[in-house]
Amino acid sequence: SHLLIKLCVFCQDLFVAGTDTVTSTVEWAMAELLHNPNIMSKAKAELENTIGKGNLVEASDIARLPYLQAIVKETFRLHPAVPLLPRKAEVDLEMHGYTVPKGAQVLVNMWAIGRDPKLWDNNPSLFSPERFLGSEIDFRGRSFELTPFGAGRRMCPGLPLAIRLLFLMLGLLINSFDWMLEDGIKPEDMNMDEKFGLTLGKAQPVLAVPIFKPSN
């Protein structure tokens with residue numbers, strides 16, 4: 001029974017981590033695409049040329065959509081779902097002149113790392129998926145400048161589920177609909193402020209009207 005309880009808790013963590021991350025990231029990705037119509041147009045063109053306008057994105061299509069992958073990476077960089085990643089020091093250590101005692105809780109500032117000009121060229125505050133085209137930087141724990149899911153043995157167990165859902169949902173929203181901002185708001189006038197908490201949300205929700213475009 002103890003093993004069953006552990007398994008249930010793990011499954012719960014897996015589901016919550018995989019879905020909560022997706023919700024936040026999809027909202028930020030759509031906000032950035034609506035805020036940058038030229039990037040939205042490039043994403044639409046890639047999807048139309050690769051799988052056909054209005055068609056659903058399958059998991060097998062993801063590898064053939066490098067610009068969509070770059071959009072996801074850029075969203076993770078600028079808007080990590082968990083801006084402060086908690087860890088616990090297993091041993092005493094010194095870092096940059098500071099002593100971190102064993103057992104201390106360490107908060108890794110993923111938000112600041114993603115905007116560090118020493119790590120990112122071409123204006124780190126600018127949403128630019130092109131910075132990832134041809135780059136080997138990934139979010140699966142091997143590139144420490146982009147680790148929205150953590151790294152090592154304590155990496156988020158929901159990563160595989162989150163990534164699959166994220167690509168399928170974002171691909172669907174981009175490829176099956178055109179979008180119009182509510183109340184006549186212009187893309188450049190969108191409120192892109194952040195609301196900090198345990199997760200990084202938008203201060204104001206994205207308000208947009210989908211216009212269905214059937215496939216040919």
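Analyst: By the rule applied here, there is one cavity of 30 Å³ or more. This is a predicted model, in which local features need pLDDT of at least 70 and side-chain atom pairs count only at pLDDT 80 or more, while totals for chains, interfaces and linings use all residues. Residues are numbered from 1 along each chain as its sequence is written, and side-chain values use heavy atoms, with hydrogens and water left out.

User: What makes a space a cavity or a pocket?

Analyst: On a 1 Å grid over the protein atoms alone, a cavity is a set of points where a 1.4 Å probe fits but cannot get out, whereas a pocket is an open set with protein on both sides within 12 Å along at least five of seven lines; lining residues have an atom within 4 Å of a point.

User: What is the volume of the largest cavity, and which residues line it?

Analyst: The largest cavity has a volume of about 50 Å³, a volume being the space filled by probe spheres set on the points, which are joined across faces, edges and corners. Its lining is formed by Phe76, Arg77, Pro80, Met110, Gly114, Glu145, Leu146, Thr147 and Pro148.

User: What is the volume of the largest pocket, and which residues are closest to its centre?

Analyst: The volume of the largest pocket is about 910 Å³. Among the 24 residues lining the largest pocket, Arg87, Lys88, Met95, Val106 and Val108 are the closest to its centre.

User: How confident is the prediction overall?

Analyst: The mean pLDDT (the predictor's confidence in each residue, from 0 to 100) of the protein is 84, and 85% of its residues reach 70 or more.
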